[in-house]
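Student: I am new to this structure. Please take me through one part of it closely, and show me how that part sits in the whole chain.

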Amino acid sequence: MGKLKIIVSTTSLFCTRIEWALKLKGLEYEHTVEDWDKGKSELLLKSNPVHKKVPVLLDDGVAVAESKVILEYIDKKWKGGDLYPLLPQDAYERAQARFWAQFADDKCVFGTWGAACHADTLEKEKAVESTLESFGYLEKQIKGKKFFAGDKIGYLDLVVGWIPHWLGVIEETGGIKILDAESFPSLHEWAQNFIKIPLIKECVPPRDMLVNYSTTLLSYLRSSAPNKP
């Protein structure tokens, strides 16, 4: 097997899901951490010239970009035997996992950030309401199960794995509330189970680092937002 390397940012929830996958597969890899204060590295720009974003997986020199694409690449290339499966074997279940993973990124990740960005109270309330509706769909998907994949964590668990650690930070710095045990009991229980797994917990960045990052990012996004007449 060739050398594996990942180009990451220490605060990116999209990068952490790749580390989780590699560790679940038992694969050895190297880090290249982007220093945003110095701008984007030549390696990142060369490896992902289209989007110029992390994460990027370098597999013996071949670059694979976009986190969910990378997860599927990892699962497809390193499979069988004792290797940990990420996606279900059943075609329908695999399609469902992909559907809800895309939904979770589009509606829950970006919905939460969008709600946190709003300075206007009315707009913030509308955005929170929309995001709560999206989280309601995830609540239905996890109800009656320990993990989204069943008894063990899988592809969809990794994609929504930002919720136990990152969501609270965005709520705090953005002045919003999304997840609570009363409104989303099954999702709340899943979050507690997921973050307790040693392999999962060891990859998450320190909370104070995320708070600083989120505070800075939200300040920038709010200042960059166009003023309404």
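Tutor: Start with the whole chain. This is a predicted model. Its secondary structure comes to 10 helices and four strands. Along the principal axes, the C-alpha trace spans about 55 × 45 × 30 Å.

Next, look at cover and surface. Of the 229 residues, 45% count as buried. The chain exposes about 12,400 Å². Carbon and sulfur atoms supply 53% of that area. Contacts also reach across the sequence. Take the contacts with a separation of 6 or more: residues 24 or more positions apart account for 70% of them.

Now the close look. The part to study is the meeting of two helices, α5 and α8. Helix α5 covers residues 121-142, and helix α8 covers residues 185-195. Their axes come within 8 Å. They cross at roughly 70°. An angle from 65 to 115 degrees counts as roughly perpendicular. The two helices are therefore roughly perpendicular to each other.

Which residues make the contact? From α5 come Phe 135, Leu 138, Glu 139 and Ile 142. From α8 come Pro 185, Ser 186, Leu 187 and Trp 190. Sort these residues by type and they divide into six nonpolar, one polar and one charged.

From here, move to another helix and its neighbours. Thr 173 sits in helix α7, residues 163-174. Its relative accessible area is 18%, and buried means under 20%, so Thr 173 counts as buried. Leave aside residues up to four places away in sequence, and Thr 173 touches Val 211, Ser 214, Thr 215, Leu 218 and Arg 222. One of these, Thr 215, is found in helix α10, residues 207-224. Thr 215 has 42% relative accessibility and counts as partly exposed.

Thr 173 and Lys 143 are 30 residues apart in sequence. Their C-alpha atoms are 29 Å apart in space. Thr 215 can be set against Leu 132, 83 residues away in sequence. Here the C-alpha atoms are 22 Å apart. Lys 77 gives another span. It lies in helix α3, residues 67-77. With 44% relative accessibility, Lys 77 counts as partly exposed. Asp 208 is 131 residues from Lys 77 along the chain, and their C-alpha atoms are separated by 36 Å.

Last, turn to the backbone in the loops. Most residues other than glycine have a negative phi, and most peptide bonds are trans. Look for the exceptions here. A cis peptide bond joins Val 54 and Pro 55, with omega about 5°. Pro 55 lies in the loop between α2 (42-47) and β3 (56-59). Then comes Asp 60, in the loop between β3 and β4 (62-65). Asp 60 is not a glycine, yet its phi is positive, about 55°. Its relative accessible area is 58%, so Asp 60 is exposed. Glu 66 is found in the loop between β4 and α3. It too is not a glycine, and its phi is positive, about 75°. At 37% relative accessibility, Glu 66 counts as partly exposed.

Technical notes:
Residues are numbered from 1 along each chain as its sequence is written. This is a predicted model: local features need pLDDT of at least 70, side-chain atom pairs count only at pLDDT 80 or more; totals for chains, interfaces and linings use all residues. Side-chain values use heavy atoms; hydrogens and water are left out. Axes are lines fitted to C-alpha atoms, for helices over the stretch in contact, and angles run from 0 to 180 degrees between N-to-C directions. Angles under 35 degrees count as roughly parallel, over 145 as roughly antiparallel, 65 to 115 as roughly perpendicular and the rest as oblique. Contact means heavy atoms within 4.5 Å. Ala, Val, Leu, Ile, Met, Phe, Trp, Tyr, Cys and Pro count as nonpolar, Asp, Glu, Lys and Arg as charged, and the others, Gly among them, as polar. Buried means under 20% relative accessible area, exposed over 50%, partly exposed in between (1.4 Å probe, protein chains only). Accessible areas come from the Shrake-Rupley method with a 1.4 Å probe; for residues, only the protein chains shown count as cover.
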